[in-house]
Amino acid sequence: VPVPDILLSEELVHLPLLFHPTPRTALIIGGGVGGVLQELEKYPLDRIDYAELDPVLIDMVREYPSILTGSEMADRRLRVSTVDGRLLMRSMLAGKADRPQRGYDLVLVNMALPTTLQQNRYYTREFLQMAMALLAPDGWVAMTTPGSLSYLGPELSRFNATLLVTLRELFPAVRVVPDETTIWIAFRSAKSANLSPEALLARWSARGMKTHALSEAYLAYKLSLGHEAWFLSQLEPLERHGVFGGNSDVRPLAMRWALAYWDAVYSPPGSAFRNMLWGDGPEAWAMPVLLAGGFMAWCAAGWLWGERWSIPLAITATGMAGMLADLMVLFAFQIAYGYLFQWVALILAAFMGGLSAGSLLAPRWLDGRARVRRHFLRLEGLMVGYWVVFAVLFLALHYQGALFVPSWAIKLALMALNVAAGFIVGAQFPLANALWAGEPGGGAAGTLYGLDLLGAYLGAALLGALLIPRIGLLAMAVLMGCLKLCTMLVVGRPCAS
């Protein structure tokens, strides 16, 4: 049974609603039951929508109600949807789910720190655009981040500055109430934000809310303009110098700095390593330069010395591209839907099915070295084209037009991408073995298989875990397309054989 954080629940609800004279509608994304709903239901609202991804949580509090959760769930104004919050919003925008005619006065995002792509989706430009489209003309979005009133380390500063940049790109006014848990309020109308602490305190006094922790003196402390000015002064230099842009589904910068912040708190050695890769100084270029230099040196060897070098290079790159394709389809699915559950098994099965089909078909092409080489190059070209198609489809998922694409079509497209990636990887390996060993089933199989696994490891551990948070999924697709284009050109060099 949820144990309420009384102070945080009261702050999350009452501080944002102080800016509205007569709130009537609210949408809660995550973390509503067990305190937040109770505070919200103290207002004379007409409608409260609550999106909670975990249906078991809702079933549990209904079957075993406490005094708190029982009163929350019994409120007739409450509409609970056990669905991902972004999917609910997308359904509303597409006209497939009911929404208030005038829009919401408050959209409250009560999600965890965005250390995963699933959580990052609630701090991105794409999410905020949907939220803005659902707001009333004088409504706003409220969300929380870790913060401080005394010291912001470099990781926490960059994380909060990323959110500040993202909010200011879309909303005409942004207010912040800083503390250990900082509350951000982004207004659709700048007029709504222009209230002094004195006016807000007068409104609080007039409402006569019964609270356990919030008092007029505490609110005066929380709403101090000096606190807000100090907090923003720590972030705005980063914003002005353009150290980074806003957070998006395509480029998850908030996830990058949230992970760095967790490392700084719980694993300082890991934090130093991540800062070396993700920081803004010259040391951040060391790893990319070493990787690019090593790859170019291998390409040069393949160009000069033929297939003894170029075929292993191509197979290593294919292993990397295949593993990364599998991961990025999972990531794209999670960004689109917020959950994976049984779809993990289905998506992986699609990849393995393509892998099996490719490995079964490839032996039919093992008829003469020239034909084998021709088919190998075609598969290289297909892998280049794969990443072009991936980039186009991934972008299409994040335009407003994708709101009207049936869910089954998106899932089918992602499954087809994984089948295609598996097929290319499965078909290319027997051909590479024939080219490198001179005949099918030669002693090259073990070496090439080891290189394929090495490439897969690098794709998962180095690129998937470390580089995607820095450059994003779209840039990674472009990078992998360029990498496979290079290997195709090296293998296809007329005198390479």
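The model is predicted, with local features requiring pLDDT of at least 70 and side-chain atom pairs counting only at pLDDT 80 or more, while totals for chains, interfaces and linings use all residues. Residues are numbered from 1 along each chain as its sequence is written, and side-chain values use heavy atoms, with hydrogens and water left out.

Stay on Asp49, which is buried with a relative accessible area of 4% (buried means under 20%, exposed over 50% and partly exposed in between, with a 1.4 Å probe and protein chains only). Setting aside residues up to four places away in sequence, Asp49 touches Ala26, Leu27, Ile28, Arg79, Met92, Pro100 and Tyr104, where contact means heavy atoms within 4.5 Å. Asp49 belongs to strand 2, residues 47-51; strands (E, at least two residues) and helices (H or I, at least four) are DSSP runs numbered from the N terminus.

Next, display the whole sheet, which is open, has 7 strands in the order 3-2-1-4-5-7-6 and shows mixed pairing; two strands pair if DSSP finds at least two bridges between them. Strand 3 (78-81) and strand 6 (173-177) stand at the edges with a single partner strand each, so one side of each has no neighbour in the sheet. On average, and with direction ignored, neighbouring strands are turned by 15° against each other. Strand 1 (residues 25-29) pairs in the parallel sense with strand 4 (residues 104-109) over 4 bridges, and Ala26 can be found opposite Leu106 in strand 4.

Move to strand 7, which is largely enclosed by the rest of the structure, because 6 of its 7 residues are buried. Strand 7 pairs in the antiparallel sense with strand 5 over 7 bridges, with Thr145 opposite Thr182, and also in the antiparallel sense with strand 6 over 5 bridges, with Ala173 opposite Phe187. The hairpin that joins strand 6 to strand 7 passes through 3 residues.

Helix 8 (residues 154-170) lies across strand 5, strand 6 and strand 7, at about 170° to strand 5.

Then turn to Met328, Tyr386, Trp387 and Phe390, the residues with the most contacts inside the largest nonpolar core, which has 69 residues (a set of buried Ala, Val, Leu, Ile, Met, Phe, Trp, Tyr and Cys residues joined through side-chain atoms within 4.5 Å). Among the elements giving two or more residues to this core are helix 16 (307-337), helix 18 (369-396) and helix 19 (407-437), and helix 16 gives the most, with 19 residues.

Finish on helix 16, where 28 of its 31 residues are buried. Helix 16 reaches 43 Å from its first C-alpha to its last, close to the 45 Å expected at 1.5 Å a residue, the expected span being 1.5 Å times one less than the number of residues. Just after helix 16, select Gly338, which takes a positive phi of about 80°.

Conventions: Axes are lines fitted to C-alpha atoms, for helices over the stretch in contact, and angles run from 0 to 180 degrees between N-to-C directions.
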